[in-house]
Each structure stands twice: as C-alpha cells, then as structure tokens.
Amino acid sequence: MAISDVKLGACEVWYGATTATLVNLGVTKGGVEVEVDTETYTVMVDQYGNSPIKEYITARSCMVRAPLAETSLANIEALIPGAGSVENSGSGSKVQVQQGIGTDLQASAKLLVLKPVASETQLGVTPGTTSGNDNDNFVVPQAGLKGNLSYAFKLDEERIFNVEFTAYPDSNNNGVLFIVGDHTV
C-alpha cells in the first residue's frame, strides 16, 4: 500500500474523434463523476439452500457526468448529436439542433479523456496544469452523448451544462469499455 497513491483534484474533459483531434471542453463546476455499474447473475441450487454457488457478470456499463461551465456555441455543437453551426458574415452565429429521431448514438461516439489537473502538492508540475502523468487518466474510447443538456439562467449562479457521456464497447478493441491510464500504450 502506498499513501502517495491517494489523489485529489479536478480534471480536464477532452473529447474528439481521435487523440490528435481531442478538444478541451473547458472548466467544470461541481466535479466530474464516473460511475461504473456491473450486473451479475447469481447461481443457486437446492442442495445449498439460499447460498450462492457461482456468480457471472451479465452486463457492465459506464457513465461520465460532467458539469461544464463554459457554455459556448462550440460546446453545444460538440455535445449534441446532429447539431450544426451557422455562421453569418455579420456578427451573429447560431447552433441549430434537429429533432434527430432515429440517430445512431453509438455511430457518433468519440474518444473521451479525463485528465487530472495538478495540485500544488505534485512536485515538478505547475499548479493548474494537467499532471503530466497519463497513468492517472480515465479514458472512454467510445463515449456517446444523447444530447441532453440541463442548465439554468440564474442571477447568482454560473450557467452549467450538465452533460452525460455513455460508454459503448469499442468493437475495434475487443469490446473495451474504459481504460484507466495511458490509452496510447
């Protein structure tokens, strides 16, 4: 056991089609949460009463919830499948979102990388930058978005996009659901 493995801190949220095209979705407020859920089937037989004799994994899922504080048009376009921006030669621009019925969300899934941000206690790293240690990353190779956005206009609070990423098995990589560490290894 190593006490030095206890870590604190926020992370940056990067999203894109490939490692080379990852875009930082900006600062967050309230903490990014990762939830991994595993469902099982318990085998029981009469001869052992109510005692389980085996257990099998029947499903595993992963969800990442990110409260994004940068509520830009670029983020709206990146986070809603089927959204498209329209630029005006003047000063205006907008993002249009279609109804999207029948859209294959897995087909538009992209790479999601959560990179921990360094704290003052991590020697050799400038505070407020990524830790430089990709072994601390949480990576979802196929992260899809439903396009749900939840935010409020309030006088005394930041406008936050509460976004949920769903992990789909990566069929190009033996069904990998998520990776902890450097995904380029």
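What is the mean pLDDT of the chain, and what share of its residues reach 70 or more? I am working with a predicted model, so I checked this before anything else. The mean is 87, and 90% of the residues reach 70 or more.

I then looked at the elements of the chain. Strand β3 (residues 33–43) has the highest mean pLDDT, 97. Strand β5 (residues 83–87) has the lowest, 80.

Next I turned to strand β1, residues 11–16. I asked how many of its residues are buried. I found 5 of 6, which leaves the strand mostly covered.

Which strands pair with β1? I found strand β7 (residues 110–116), joined to β1 by 6 bridges. The two run antiparallel, and Cys11 stands opposite Pro116 of β7. I also found strand β2 (residues 23–24), joined to β1 by 2 bridges and again antiparallel. Here Tyr15 stands opposite Val23. Between β1 and β2 I traced a hairpin of 6 residues.

Last, I looked up Glu12, which lies in β1. Is Glu12 buried or exposed? I found it buried, and without a salt bridge. The nearest side chain of opposite charge is Lys115, at 6.6 Å. A salt bridge needs the charged atoms within 4 Å, so I list none for Glu12. I did find a polar contact of 3.0 Å between the side chains of Glu12 and Trp14.

Note on methods:
Residues are numbered from 1 along each chain as its sequence is written. Side-chain values use heavy atoms; hydrogens and water are left out. Buried means under 20% relative accessible area, exposed over 50%, partly exposed in between (1.4 Å probe, protein chains only). Helices (H or I, at least four residues) and strands (E, at least two) are DSSP runs, numbered from the N terminus. Two strands pair if DSSP finds at least two bridges between them. Lys and Arg count as positive and Asp and Glu as negative; His and the chain ends are not counted. A polar contact is a pair of N or O atoms within 3.5 Å; within protein, one must be able to donate a hydrogen and the other to accept it, and residues adjacent in sequence count only if both atoms are side-chain atoms. pLDDT is the predictor's confidence in each residue, from 0 to 100.
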